Amino acid sequence: MRALVIDDSRTMRIVLCRQLARLGFDVLEAADGRQALDVLASTGDDPPALATVDWNMPVMDGLTFVQAVRQQSQWRQLTLVMVTTESEHGQIVRALAAGAHEYLIKPFTPEALADKLELLGLHPTGAVA
Amino acid sequence: MTLSSTAFGYVSDLVRKEAAIVLDPGKEYLVEARLLPLARAAGISGVDEYVATVRASAGPAERAAVVEALTTNETSWFRDREPFEALTKTVIPELLESASVRRKITIWSAACSSGQEAYTIAMLMADHVLPRGWTVEILATDISTEMLERTKAGRYSQLEVNRGLPAPLLVKHFHKVGTQWQVSDQLRSMVKVQRLNLAGPFPPLPTFDIVFLRNVLIYFDNSTKRSILDRTRRVMSPRGFLLLGGAETTLGIDDRSWARTPAGRCTLNRPLTGAHHDPSLTPATPLVSAAGVR
C-alpha cells in the first residue's frame, strides 16, 4: 500500500515518511500541492491509497490540493488526511467539507497517526512492530 | 493518594532526559495513573514506593518501563474499536427490545480515567438514533478525584484529541477554548461522575444495562478479579452486557456467573440468571486500590 506525504518542510516529510514506512506503507513525497498533483498523475492507474496533506505550503496549499483531488474521479479512492498546525474549529470544518477524510494536528505522536489510519481502515501489510 | 515531590521530580527528570517529555508541576495525577499498574505488577502498593524502588535499582529495564508508561500508553478515544462497534451494532439494538418499557439505558464506565471512554460512549449514544422518549445515563467512576474532575470538566489538550477521535466527531461535539477542546454541554449532561474503588465494597449504584470495565482487571489477582466481577454482576440488569478489555475475560475466573457471546472481534459477557453466589467473593477489605488506567 502506498502513501504520498505532502509537506514543504523536509524535516516533517522525513518524520512522516519514517512513521508511515514503519506502518508498512511505501512512501512517495511532494513539497507542495502542485508537485503532489504531478506525482499523483505519474502513478497512472495505480494511485496511492493515502495522502497526508500539510495546509500551508508554497505554490499550492493543502486545501486547494484537496479540492483539486476531489474534482478528479480517478482519485476518488485516495484517502486524504490533513496533517497541519492549523487547529481552529472552522479550519477543520473547511477541510472536511472540501473532502479531507481526517485531520491530525501537529505536533502529533506516532500513535496518533496510527490511530487515525486505524479509524480509516488503512492496514498495510508488512508493518514493523 | 498523593505523589511526593521527590518521586515526581525523579520521574519528570527521567522522562525529560530519556524521551524529551516535559511533565510540568500539576501532572502528578498523570504519573500516578500511569505508574500505579507497574507498581501493582511489582507487588508494591504505592507509586511513591515504586519510584523509590526504580531509583534504587538504577536498572535500564525499570527506567524504560517508567518512560514507556508515560509515553505510549496515552488514553485514546474509541480505544480498540471493537467494543464500540459491538455497542452500536449488537448491544443497543437488543436493549431497544429488552428495555422498551423503561425506555432508559444506563451505562457504567468503570475506572474512567480522564473520561475519554465515557464521552466516546456519549458521542455514540447522542448520534445513535434512539426512538423518541428514550434517555441515556452514563456513570463514570474512578478512584482518583483528579481524574473525576478532569472527566467532569470535559476539557482536553490538542494531543489528547489527536488520539483516535474522528475529526467529524471532534468538530461536532467539541469547541475550542484557548488551546484546549471542550466537550459540548449536551455530552457533559449525559455523563455523571462518582468516586469508586473497584477493589472495595461498591457504594449504592443504579442498575446498569451496560458496563465498560476495560483494561482494569488485568492488574488484579484472580481472587480480586472474581470479587470485582461478582459485585459488578449484582449491579447489572439481568439482560445487561459487560464489556472487558481485549486481554481480559470472565472465562476461568467466574464461569458459573457469566455467559459469553461473541460480537465481531469482541466478547459480550452477560450475567446468568440465578448465578451461583459465593459469599467469600465479596471481601469487605480492598486488597489493592484500582485507579483508572486508560
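pLDDT is the predictor's confidence in each residue, on a scale from 0 to 100. In this predicted model, chain B averages a pLDDT of 84. A score of at least 70 is reached by 88% of the residues of chain B. Helix 4 of chain B, residues 60–71, has the lowest mean pLDDT, at 76. The highest, 97, belongs to helix 9 of chain B, residues 167–173. One stretch calls for caution. Over residues 276–294 of chain B, pLDDT stays under 50. Where pLDDT is low, predicted coordinates should not be read in detail. For the model, the scores are ipTM 0.90 and pTM 0.77.

Chain A contains five helices and five strands. From the N terminus on, its elements follow the order β-α-β-α-β-α-β-α-β-α. Along the principal axes, the C-alpha atoms of chain A fill a box of roughly 35 × 35 × 25 Å. Of the 129 residues of chain A, 38% count as buried. Contacts in chain A with a separation of 6 or more were also examined by sequence distance. Residues 24 or more positions apart account for 62% of them.

Within chain A, helix 3 (residues 62–70) packs with helix 4. The angle is about 20°, and the axes are 9 Å apart. Angles under 35 degrees count as roughly parallel. Helix 3 of chain A and helix 4 of chain A are therefore roughly parallel to each other. Helix 3 of chain A brings A:Leu63, A:Val66, A:Gln67 and A:Arg70 to the contact. Helix 4 of chain A brings A:Arg94, A:Ala95 and A:Ala98. The residues of this contact divide into four nonpolar, one polar and two charged.

Helix 4 of chain A also belongs to the side of chain A that touches chain B. The contact between the chains takes 15 residues from chain A and 14 residues from chain B. On the side of chain A, the elements that give two or more residues are helix 4 (89–98), strand 5 (102–105) and helix 5 (110–119). The residues of chain A on this side divide into nine nonpolar, two polar and four charged.

Key
Residues are numbered from 1 along each chain as its sequence is written. Chains are lettered from A and ligands numbered from 1 in the order in which they are written. This is a predicted model: local features need pLDDT of at least 70, side-chain atom pairs count only at pLDDT 80 or more; totals for chains, interfaces and linings use all residues. Two residues are in contact if their C-beta atoms, placed from the backbone, lie within 7 Å. Helices (H or I, at least four residues) and strands (E, at least two) are DSSP runs, numbered from the N terminus. Ala, Val, Leu, Ile, Met, Phe, Trp, Tyr, Cys and Pro count as nonpolar, Asp, Glu, Lys and Arg as charged, and the others, Gly among them, as polar. Axes are lines fitted to C-alpha atoms, for helices over the stretch in contact, and angles run from 0 to 180 degrees between N-to-C directions. Angles under 35 degrees count as roughly parallel, over 145 as roughly antiparallel, 65 to 115 as roughly perpendicular and the rest as oblique. A residue is buried if 20 or more other C-beta atoms lie within 10 Å of its own, exposed if 12 or fewer, and partly exposed in between; C-beta atoms are placed from the backbone.
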